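Visitor: I have a chain open on the screen and some questions about it. Can we go through them one at a time?

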Amino acid sequence: MDKLLIDGGVPLHGEVHISGAKNAALPLMAASLLAPGMHTFSNIPRLRDIRTMLRLLEHMGAVCEDEARLAIDTRHIHTLEAPYELVKTMRASVLVLGPLVARYGEAKVSLPGGCAIGARPINLHLKGLEQMGAQVQLEHGYVVARADRLKGASIFLDQVTVTGTENLMMAAALARGTTTLYNAAKEPEVAALAEYLSRMGACIEGVGSDTITVRGVDDLTASHFTVIPDRIEAATYMVAAGITNGHLKLVHCRPEHLGAVTEKLKAAGLVIEIHGETVEVRGNGRIVSVGVKTRPFPGFPTDMQAQFMSLMALGDATSVIVEQIFENRFMHVLELKRMGADIELEGRTAVVKGVAKLSGAPVMATDLRASASLVLAGLAAEGTTEVHRIYHLDRGYETIEHKLAAVGARIRRVRE
Ligand code: EPZ
C-alpha cells in the first residue's frame, strides 16, 4: 500500500486544472447499458472508481477502450450480474441496477454492504423499482430484480438520494408511461446524467428541481458526452489555498456548482474571485471560525465536510459542524486530533475549537473525503505528516500529489 509524505507549512501558489467529476462519470458509464451501441465520453478522470466501473461493465460484456476519450460498446451484453467482489469495492456499482432492469428486464446486483461513513442502504432504489412493477428479491446477498417491462409510476423519495434519483431516472427512461420522481436530488451530477439521457432520446423534465418527470420511450441511442468538472475536487483545492495561506487559480471549474462552498469559505476569510470557468482563491492570513450544516445540493455538500473541518481546526474561535446526511462521517476527527486539533463530537455535531497550529504525524485514511482532509491538514501542519492507506484517496482525486507538488507542496508518494 502507498502512503503520502507531506512536509507542511508551504503556501501553495499556481494553477490547478480540475478533472472530470467522478460522481458524474459513474452514472454516465452505467447509462451506456440502456442503449446497445458505442457510447463515447470525454473528460473522464483517471481514478480507481472509474477503473472499477469499467471492469464491471466488461464483466457484463461491454467492450471498453479508455484512451484520449472513453468508448463503451454495449452491443454484446451477456451477463446481467454485478458480482460481490466488484461491488464491495465500489458502492456506486448499484447504478447498473436500473439500466439492466429497464433494458434487459433482469438484474442481479450484489448488495453494496456497509461502508465507513454509514449503513448507506438502497431501500429507496428498490422501493422505486417495485413501484415501477419490478419483482425484487434479496437472495444470498444479492438483489435480484425482474420486470417484463417497467411501467411509469409516481415515486416519492422520502429521503433525497443522489444515486437513487439517478437509478430511477435511468429505469424510467425505458418504462412504459410516465414516471414522476418527487423529492428528487438536484445535484449537478444528476443534471448531467439527465442531459446525456436526453441526448440518447429520453424525455425528461424538471431536472434541477425536486420533481423530475420522465416519459418512457421504447429505445435509446448511444451518444457522446463530456463529463462536467469535479466540484468537490475544486472545493478541496479551494480549501488548500486557504489552509496554506496561499493563492491558487483553479481552471476548468463550474463556479455555479460551488455556490454554497464559495459563500462559506468567504465567511471563513478566504478571498475568492470568479472569472468565467476560473476560480481564484487566496488566504488572507487569518481563518475565521464559522459553522456549517451539510445539506443536499444546493446546500453545503457532505463531501466537503471533512475538508472544511481541517480548515476550521486552525480557525480563530469555535466552529460547529453538523453532518446531516450520513450517520458516521467523522472518521477523520480522531486523526485530526492526533495532529493537535481540538474537536469534540456529540452525535452528528462536531465542535471545533481553532488552535494556533497543527503538528505533522502519521495518520490513517478511512474513506475518500477523510483522506483529503488529512492531506489538507498535513499541508498546513508543522513537520511531516504521513497519510497511510491512500488507496481511499486514489478513488476520487486524480494524481493529487502531482497537482499539489506543481503548486509548491512538499509532498511525495512512497510505496509502503
Ligand atoms: C452520492 O452517494 C455520492 N456518490 C456520495 O459521494 C455523496 O456523499 C452522496 O451522494 C451525498 O451527496 C456518488 O454519487 C457515486 P445518497 P449516494 O443516496 O447516492 C440515505 C464521495 O465522496 N439513503 O444521496 O450513495 C443514505 O444512507 C461519495 O464521492 C437511504 O436511506 O448517497 C444517506 O444517509 C461518498 N436509502 C442519504 O440517504 C436509500 O435507498 C443520502 O444518500 C438511499 C440513500
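**Contacts first**

Visitor: Which residues does Ile122 touch, not counting those up to four places away in sequence?
Guide: Ile122 touches Arg91, Val94, Leu111, Pro112 and Val143. Keep in mind that this is a predicted model.

Visitor: Where is the place of Ile122 in the chain?
Guide: Ile122 sits in the loop between β7 (106-110) and α5 (123-131).

Visitor: Is Ile122 buried or exposed?
Guide: Ile122 has 7% relative accessibility, and buried means under 20%, so Ile122 counts as buried.

Visitor: And what separates the C-alpha atoms of Ile122 and Val96?
Guide: The separation is 13 Å, with the two residues 26 apart along the chain.

Visitor: Changing topic. How many aromatic pairs does the count come to?
Guide: The count comes to three. In one of them, Phe41 and Tyr196, the ring centres are 5.2 Å apart and the planes are at 65°, so the pair is edge-to-face. That pair links distant parts of the chain, as Phe41 is in strand β3 (residues 38-42) and Tyr196 is in helix α7 (residues 188-199), 155 residues apart.

Visitor: Why give both a distance and an angle for a pair of aromatic rings?
Guide: A pair of aromatic rings is described by the distance of the centres and the angle of the planes.

Visitor: Is Phe41 buried or exposed?
Guide: Phe41 is buried, at a relative accessible area of 0%. Tyr196 also counts as buried, at 0% relative accessibility.

Visitor: Which residues form one aromatic cluster?
Guide: Phe41, Tyr196 and Phe225 form one.

Visitor: Let's zoom out. How many helices and strands are in the chain?
Guide: The chain has 14 helices and 24 strands. Its radius of gyration is 21 Å, close to the 22 Å from the globule rule for 416 residues, so the chain is as compact as a globular protein of that length.

Visitor: What does the C-alpha trace span along its principal axes?
Guide: About 65 × 45 × 40 Å.

Visitor: What share of the residues count as buried?
Guide: Of the 416 residues, 59% do. As for contacts with a separation of 6 or more, residues 24 or more positions apart account for 73% of them.

Methods: Residues numbered from 1 in each chain as written. Predicted model: local features only at pLDDT ≥ 70, side-chain atom pairs only at ≥ 80, totals over all residues. Heavy atoms only, no water. Helix = DSSP H or I, 4+ residues; strand = E, 2+ residues; numbered from the N terminus. Rg over C-alpha atoms; globule rule 2.2 N^0.38 Å. Buried < 20%, exposed > 50% of the residue type's maximum accessible area, 1.4 Å probe, protein only. Contact = heavy atoms within 4.5 Å. Phe/Tyr/Trp six-rings, centres within 6.5 Å; stacked < 30°, edge-to-face > 60°.
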